[in-house]
Amino acid sequence: MLRLSATTLSPLASRPPLSGLHLCPRCRRLVLRLRALPAPDSSPSARSLRLLEWGKVCDAVASFAGTAHGRETTKTQLWEVEDVSYEQSRRLLEETGAAVRLIDSAGGGIDFSGLDTVMVESAIHGVSGGAVIKGQEAMAIVSLMLFVESLQVTIKAAMKQDEDSHERLISLTETILDADINKSLVKSIQDVIDDDGSIKDTASPELRRYREQVQVLESRLYQLMDKLVRNADNEASVSEVCIVNGRCCIKVTGDKSSPFDGLLLSSGTDAGSMVEPIVAVPLNDELQQARALVAKAELDALSKMTDKILLELDNIRILLQATVELDKVAARAKYSIAYDGTYPDLYLPNFVNGTVSTATGGSISTISSAHLSKKAWKLCMPNAYHPLLLQQHQENLHRAKKDVASATAEIRRRRIYGQDNVEDQLASDLDLMKIRVSQMEKDRPVPVDFFIAEGTTVLVITGPNTGGKTISLKTVGLASLMAKIGLYILASEPVKIPWFNAVYADIGDEQSLTQSLSTFSGHLKQIGAIRAWSTSQSLVLLDEVGAGTNPLEGAALGMSLLESFAEAGSFLTLATTHHGELKTNDLFENACMEFDEDNLKPTFRILWGIPGRSNAINIAERLGLPSDIIESSRQLLGTAGAEINALIMDMENFKQQYQHHLQEARYYVMQSKELHNNLEVAQKNIIDHTSAQRKRKARVISEYAVMARSIIRKKFQQFRESAIAKRVLEEEKAVQNDKPERLKDPEPTSTPAVKKAQNTNISMATTTEGEDNGIPEVGDLVYVPKLKNEATVVKIDSSKNEVQVQAGIMKLKLKFKDVKIQKRISR
């Protein structure tokens, strides 16, 4: 028999198997959960992950997975961020980008939540071990196959969009696309098992027959019990019919004996006695036998189904592995989409002989450091958010909007049912909820801009407490880990970030009573371990370096440590401090957290290139401390310190003015671009309108020309018909005038026209005498008295009693009565 090994579904293929044992699904899930837990603080890197709260980010990303195995494997992969190489990071980012494109093309998402991977794994384990599959397990396999089939259609549709999509998706979904779905197996399972996992009556003729037999027996038994209860003596307390161990019995309460003979199944003073009537024993026995036959028929149907599934077990295992893998990648993509992340430009730094070698997109290009542009950043993250702060804000906003929706629905419900007594209070609460939602939408977490130049190895950030220094360090650290493990960076485009082999952090209080370590000693121990483990490809984050001891000694020690990291330590070191001595070292780049002196609170924004200054005396003065104390403290500080603070203040003001003017310039540039675009659109609209008007005028002129030609043609036809009619009248008058003369002269001299008319009259008279004057037909030769001429019929309109004739070049429409048939064509 096939057996499912302990590492079949585990993404930790590189880890050795646990003693080579075959584990059940429950034990395997426990192993996966244990492996998903953070590793013990055995190294500074593992301790740094704990300090950066990397576990919370892992939980947030895993929550976007739709299956139980997807969530477990996602957590496991994220916790292995220390072991990921640069090539693996590039591959993970490409997978996430492909999944983002697939989700966008699928109309917003691919839902894995309908899959029960735990049930599928249980089915694989049971069938491979020789057990009979359960109905719910079989339906879980059907759901998996149908999901993969629909996923194949979605992937193929996404690939057809463009060639780039095909290249991106083929590596991610190759296993899914190559999977062969056994539709006959799906149909066989659906024919036997219902959606809820129960066996259908159509599974086999025997099962249908046995189930019908059970129904008949149950009906007979219930009828018998009902008759016994109704016929029982009134003095006996017969309460109800019950089922005990599958046998139908009657519950009797009270002290009196049962009114019918039976077997006592159970007895009790309070609950009563369960009695099986003697007359019901044969039916109960027969019912038990019928139910046993039903169970055997169901087991036979499942056994046949198990044999079919066993033949497809390897394919089902491959489908499960591919689906869980895709669910894991989709979880990273959905997280990146949900928080509006940006695909980072991840490069591999390596300083060799004064050159900077960067590897981006798989290719390595070497550029001389002397030819680097002024905007060549070592790290560039505009508008970067701390992922946990952004997650907390979105969750709170979602809950607030949900409360508003619930309150609105409750008010609507109360209005429908006329419960207006508390509607005013609820409406007031709803208004407060809406105000809270509006305020939360405005109070988003403040993003931080990070622009670290190529030549910078140590960045010193100063600023007041609660000003955002520690959050800034954690933002950079988490962003580095996210890019390394294949997640998008929660920042605006463009994002450029180095690949770090490790992220080391000394943040917070490392006091340990069990190891007799003070706060200062705990920091020194952690920093010493970081200094020993860090390399030229590491990121080091030091919070409040040199703090916890004498300020002078702490400043000297902090400066020495940072100089050590700058000369032969990490690739990039970020440190926060309150020591003013660290601000004046030429090896360090300075930055400070902006402080709003008018409102006496930090703005959580970084001012680059400016060392921080002390605001304690100014804050004390604004808070109302006596003036003599303020003056005394300023004198003790000395003029040199005051001049330095004044110089830093001027630099801050200049920086703020520069930022203000820069924002104004960007605003005006944006406005000019918008106006230019509007002008281009208006110009295009004018051209389109002119063209449309020209075409419309040409069309109107053409229509009027057609109408004019039609009118002219009609007028000309009317004029011609009038001229012909006038000539006919004149000829008739001339003939009438010649009649008296012909009567006086028996042999008058006839003109050719008169002779022709006479011949026509004679011919017409002859024709009339010989033929009936019926309805002419097309082609007949007719005589038109008004024209005194012959014509040919070209068209007949019987509905209007009209005929169209042609005499020479003329065409006329006449009534039937206005023409005389002279000669019919032979038919």
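How exposed is Arg436, by relative accessible area? The legends below take up that residue and then several other close-ups.

This is a predicted model, in which local features need pLDDT of at least 70 and side-chain atom pairs count only at pLDDT 80 or more, while totals for chains, interfaces and linings use all residues. Residues are numbered from 1 along each chain as its sequence is written, and side-chain values use heavy atoms, with hydrogens and water left out.

**View A. Arg436 sits in helix H14 (residues 423-442).** Arg436 is partly exposed, because its relative accessible area is 46%; buried means under 20%, exposed over 50%, and partly exposed in between, with a 1.4 Å probe and protein chains only. Helices (H or I, at least four residues) and strands (E, at least two) are DSSP runs numbered from the N terminus.

**View B. Helix H3 (residues 54-62) crosses helix H12 (residues 313-338) at roughly 100 degrees.** The two axes come within 8 Å; axes are lines fitted to C-alpha atoms, for helices over the stretch in contact, and angles run from 0 to 180 degrees between N-to-C directions. H3 is therefore roughly perpendicular to H12, a class that spans 65 to 115 degrees, with under 35 counted as roughly parallel, over 145 as roughly antiparallel and the rest as oblique. Val57, Ala60 and Val61 of H3 meet Ala331, Arg332 and Tyr335 of H12, where contact means heavy atoms within 4.5 Å. By class, this contact has five nonpolar, no polar and one charged residues. Here Ala, Val, Leu, Ile, Met, Phe, Trp, Tyr, Cys and Pro count as nonpolar, Asp, Glu, Lys and Arg as charged, and the others, Gly among them, as polar.

**View C. Strand S15 (residues 572-577) is mostly covered, with six of its six residues buried.** In a regular strand the side chains alternate between the two faces of the sheet. On one side of S15 are Leu572, Leu574 and Thr576, on the other Thr573, Ala575 and Thr577, and all are buried. Strand S11 (residues 458-462) pairs with S15 in the parallel sense over five bridges; two strands pair if DSSP finds at least two bridges between them. Val458 stands opposite Thr573 in S15. Strand S14 (residues 538-542) also runs parallel to S15, joined by four bridges, and Leu539 stands opposite Leu572.

**View D. Five strands form an open antiparallel sheet in the order S21-S20-S19-S18-S22.** The edge strands, S21 (810-815) and S22 (820-823), each pair on one side only. From one strand to the next, the twist averages 45 degrees. Strand S20 (residues 802-807) is joined to S21 by six bridges, and Val805 has Leu812 in S21 as its bridge partner.

**View E. Two hairpins can be followed through S18, S19 and S20.** S18 (residues 781-784) and S19 (residues 789-797) pair over four bridges, with four residues between the strands and a positive phi near 55 degrees at Lys788. Five bridges join S19 to S20, and Lys795 stands opposite Gln804. This hairpin has four residues between its strands, and Asn801 in the turn has a positive phi of about 55 degrees.
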